[in-house]
Amino acid sequence: MVTIASPYRSVLYIPASKSRALDKARSLPVDAIIFDLEDAVTAEEKPNARALLAETLAQGGYGNRTRLVRINGLDTQWGQADAEAARDMDADAILLPKVGSPADVDALAAITGDKPIWAMLETPQGMLNAHAIASHPLMAGFVMGTNDLAKELNARFRTDRAPLMTSLGLCLLAAKAEGVIIIDGVYNAFKDDAGLEQECIQGRDMGFDGKSLIHPAQVEIANSAFAPSPEEVELARRQIAAFEETEAQGQGVAVVDGRIVENLHVATARELLAKAEMIEALQAG
Ligand SMILES: CC(C)(COP(=O)(O)OP(=O)(O)OC[C@H]1O[C@@H](n2cnc3c(N)ncnc32)[C@H](O)[C@@H]1OP(=O)(O)O)[C@@H](O)C(=O)NCCC(=O)NCCSC(=O)C[C@H](O)C(=O)O
Ligand SMILES: [Mg+2]
């Protein structure tokens with residue numbers, strides 16, 4: 001199990017060219033923000049967006065939300081300048097798109113030093129090299145790029161995401177094996193709350209830490225789907241108490257609600273309570 005230091009239920013993309021959206025995000029209840037210099041910014045806007053983002057981050061006001069800067073790929077005309085600028089920005093990590101291998105991460109680190117790096121996993125090569133990418137010493141998180149992935153696979157959109165399951169599973173295995181955070185891809189239909197909720201629940205069930213989002217209206221749904229529910233918190237407390245009581249009697253297995261509770265279940269219960277506490281602390285701060 002991966003123990004994380006802060007919650008990542010909602011991870012909102014904000015085009016770095018949109019000053020109104022950059023400002024609005026200071027008051028949104030998101031756990032993390034991706035300040036985007038890549039797909040959401042037109043070629044003409046990119047230099048201005050880079051400068052606006054540096055200025056905005058220097059002004060601050062994002063509280064304890066994790067701040068990620070998504071740069072353009074180093075194989076584009078903007079990548080080098082983005083990487084140099086992002087290295088000096090007041091952000092927690094740099095998000096590199098279309099990572100295919102650890103060599104891509106090395107190339108970025110050669111510019112940005114020891115600043116933590118996150119990877120967009122969104123190409124077939126990235127899927128096949130997911131474990132090697134997760135093993136890179138600077139790698140802190142994965143974000144699934146399900147739009148690019150579907151394009152590369154020539155996959156059709158399906159509500160059950162069956163065509164993407166092999167890829168999502170490979171990246172989840174890699175992230176969990178190496179202890180890096182993993183965030184699910186975006187849900188494009190930002191006015192379809194029911195569809196988003198269904199996909200969030202699927203992502204949570206699979207083990208993703210949170211959902212990447214494109215619009216403020218999606219935040220509450222993701223926050224709720226990826227947070228432990230009151231029922232889960234209550235059950236976790238009862239499992240821990242029952243196990244401790246059983247252990248004191250020299251037994252290794254407790255029974256709660258007709259199901260066995262062993263030390264591995266207690267570890268999961270403790271993890272869940274820690275996550276609930278982290279969310280409470282984030283909301284209070
Ligand atoms: C999708 C949008 C273009 C919709 O924009 P708009 O029509 O302006 O929305 P609203 O009028 O409903 O906006 C209401 C207010 O909310 C603010 N807003 C909108 N979006 C954001 C946002 N993302 N962050 C913060 N604030 C936002 C507006 O400014 C309005 O504020 P106010 O006027 O003060 O009330 C738009 O939402 C948008 O551009 N979204 C982001 C799109 C994006 O980032 N795309 C790239 C990431 S997805 C991707 O690349 C995935 C990956 O690579 C893959 O391959 O899958
Ligand atoms: Mg993409």
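Buried residues account for 41% of the 285 residues in the chain, where buried means 20 or more other C-beta atoms within 10 Å of a residue's own, exposed means 12 or fewer, partly exposed is in between, and C-beta atoms are placed from the backbone. Keep in mind that this is a predicted model: local features need pLDDT of at least 70, side-chain atom pairs count only at pLDDT 80 or more, and totals for chains, interfaces and linings use all residues. Residues are numbered from 1 along each chain as its sequence is written, while chains are lettered from A and ligands numbered from 1 in the order in which they are written.

**Overall build**

- You get 12 helices and 10 strands in the chain; helices (H or I, at least four residues) and strands (E, at least two) are DSSP runs, numbered from the N terminus.
- The chain is as compact as a globular protein of its length, because its radius of gyration is 20 Å, close to the 19 Å that the globule rule gives for 285 residues. That radius is taken over C-alpha atoms, and the globule rule is 2.2 Å times the number of residues to the power 0.38.
- Along the principal axes, the C-alpha atoms fill a box of roughly 70 × 40 × 40 Å.
- Of the contacts between residues at least 6 apart in sequence, 65% join residues at least 24 apart; a contact here is two C-beta atoms, placed from the backbone, within 7 Å.

**Domains**

- An unreviewed UniProt entry annotates residues 9-216 as "domain: HpcH/HpaI aldolase/citrate lyase". UniProt positions are given in the numbering used here, feature names are shortened, and annotations may be inferred rather than shown by experiment.
- Residues 9-216 are 42% helix and 19% strand, and the end C-alpha atoms of that span lie 13 Å apart.

**Around ligand 1**

- Ligand 1 is surrounded by 23 residues, and the closest are Tyr13, Ala21, Gly145, Asn147 and Asp148; a residue is near if its C-beta atom, placed from the backbone, lies within 6 Å of the molecule.
- Strand S1 (10-15), helix H1 (19-24) and helix H7 (146-153) are the elements that give two or more residues to this shell.
- S1 provides the largest share of the shell, 4 residues.
- Sorted by class, the shell has 12 nonpolar, 5 polar and 6 charged residues. Ala, Val, Leu, Ile, Met, Phe, Trp, Tyr, Cys and Pro count as nonpolar, Asp, Glu, Lys and Arg as charged, and the others, Gly among them, as polar.

**Annotated binding-site residues**

- One "binding site" annotation in the unreviewed UniProt entry covers Arg70 and Glu122. They are spread over 53 residues of sequence but cluster in space, with a largest C-alpha distance of 13.8 Å.
- Another "binding site" feature from UniProt (unreviewed entry) sits at Glu122 and Asp148. These two span 27 residues in sequence, yet no two of their C-alpha atoms are more than 5.6 Å apart, so they gather at one spot.
- Arg70 belongs to strand S3 and is buried, with 24 other C-beta atoms within 10 Å. Beyond four places in sequence, the contacts of Arg70 include Asp36, Glu38 and Leu95.
- Glu122 is in the loop between strand S5 (117-121) and helix H5 (124-128), and counts as buried because it has 24 C-beta neighbours inside 10 Å. Lys98, Met144, Gly145, Asp148 and Leu149 are its contacts, leaving aside neighbours within four places in sequence.
- Asp148 lies in helix H7 and has 18 C-beta neighbours inside 10 Å, so it counts as partly exposed. Not counting residues up to four places away, Asp148 touches Lys98, Glu122 and Thr123.

**A look at Ile71**

- Ile71 is in the loop between strand S3 (66-70) and helix H3 (79-88), and its 28 C-beta neighbours inside 10 Å make it buried.
- Among the residues Ile71 touches, beyond four places in sequence, are Leu37, Glu38, Asp82 and Leu96.
- Ile71 and Leu22 are 49 residues apart along the chain, and their C-alpha atoms are separated by 16 Å.
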